[in-house]
Amino acid sequence: MGLAKTEIFTAHQNEIAIFAKAFGHPARVAILQQLFKMDNCYCGNLVDEIGLAQPTISQHLKELRNLGLIKGQVEGTSVCYCIDKENWAAMKEVMGDFLDQDLPENEDCC
């Protein structure tokens, strides 16, 4: 697989790409939606909620943790997850600025 060459892009462009990766798979979107639905730490079995195998769920949870959008806490034999509110707010600001760019009113394009 080729290199992403992320170093040739600005820190801001890399930040947008990193946050966008969270939405790059429907399983991660479903996990985030489930965590928001709970409105607090979720200690249940996401396999039952999402319908994917445990290793698959674990991989997506790891990715969301690495992106900083969720955090987890070990409680006995289970891990509880929740949205990292501070990082979620930062992501919303960065992505909002990016998505709020307006197209030019010039309709002479292609």
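This is a dialogue about reading a predicted model.

Visitor: What should I know before I start?

Guide: This is a predicted model, in which local features need pLDDT of at least 70 and side-chain atom pairs count only at pLDDT 80 or more, while totals for chains, interfaces and linings use all residues. Residues are numbered from 1 along each chain as its sequence is written, and side-chain values use heavy atoms, with hydrogens and water left out.

Visitor: Which cysteines does a disulfide join here?

Guide: Start with the rule. A disulfide is a pair of cysteine sulfur atoms within 2.5 Å. By that rule the count is one disulfide. Cys43 is joined to Cys80, S to S 1.7 Å. The torsion about their S-S bond is about 110°, so the disulfide is right-handed.

Visitor: Where do Cys43 and Cys80 lie?

Guide: Elements come from DSSP runs: helices are H or I, at least four residues, and strands are E, at least two, numbered from the N terminus. Cys43 is in the loop between α2 (26-38) and α3 (46-50), and Cys80 is in strand β2 (residues 78-83). The pair therefore ties together parts that are 37 residues apart in sequence.

Visitor: How many residues does the largest nonpolar core have?

Guide: First, the term. A nonpolar core is a set of buried Ala, Val, Leu, Ile, Met, Phe, Trp, Tyr and Cys residues joined through side-chain atoms within 4.5 Å. The largest one has 20 residues. Those with the most contacts inside it are Ile31, Leu35, Leu61, Leu69 and Ile70.

Visitor: Which element gives the most to this core?

Guide: α5 does, with four residues. At least two residues each come from α1 (11-21), α2, α4 (54-66), β2 and α5 (85-99).

Visitor: Which residues does Leu61 touch?

Guide: Contact means heavy atoms within 4.5 Å. Not counting residues up to four places away in sequence, Leu61 touches Ile31, Leu46, Ile70 and Tyr81.

Visitor: At what angle do α2 and α4 pack?

Guide: Axes are lines fitted to C-alpha atoms, for helices over the stretch in contact, and angles run from 0 to 180 degrees between N-to-C directions. Here the angle is about 75°, and the axes are 10 Å apart. That makes α2 roughly perpendicular to α4. The classes are these: under 35 degrees is roughly parallel, over 145 roughly antiparallel, 65 to 115 roughly perpendicular, and the rest oblique.

Visitor: Which residues of α2 and α4 meet?

Guide: From α2 come Ala27, Arg28, Ile31 and Leu32. From α4 come Ile57, His60, Leu61, Glu63 and Leu64. There is a general idea behind such spacing. An α-helix has 3.6 residues a turn, so residues three or four places apart point the same way.

Visitor: Is His60 buried or exposed?

Guide: His60, in helix α4, is buried, with a relative accessible area of 8%. A polar contact is a pair of N or O atoms within 3.5 Å; within protein, one must be able to donate a hydrogen and the other to accept it, and residues adjacent in sequence count only if both atoms are side-chain atoms. The side chains of His60 and Arg28 make one of 3.2 Å. Leaving aside neighbours within four places in sequence, His60 is in contact with His25, Ala27, Arg28 and Ile31.

Visitor: What does Gln34 contact?

Guide: Gln34 lies in helix α2 and is buried at 6%. Beyond its neighbours within four places in sequence, Gln34 contacts Tyr42, Leu46 and Glu49.

Visitor: Where is Ala22 found?

Guide: In the loop between α1 and α2. Ala22 counts as buried, at 0% relative accessibility. Leaving aside neighbours within four places in sequence, its contacts are Arg28, Val29, Leu64, Leu67 and Leu69. Ala22 and Glu63 are 41 residues apart in sequence, yet 7.8 Å apart in space, C-alpha to C-alpha.

Visitor: Which residues of α1 are buried?

Guide: Asn14, Ile16 and Phe19. The buried residues of α1 pack against α5.

Definitions and conventions. Buried < 20%, exposed > 50% of the residue type's maximum accessible area, 1.4 Å probe, protein only.
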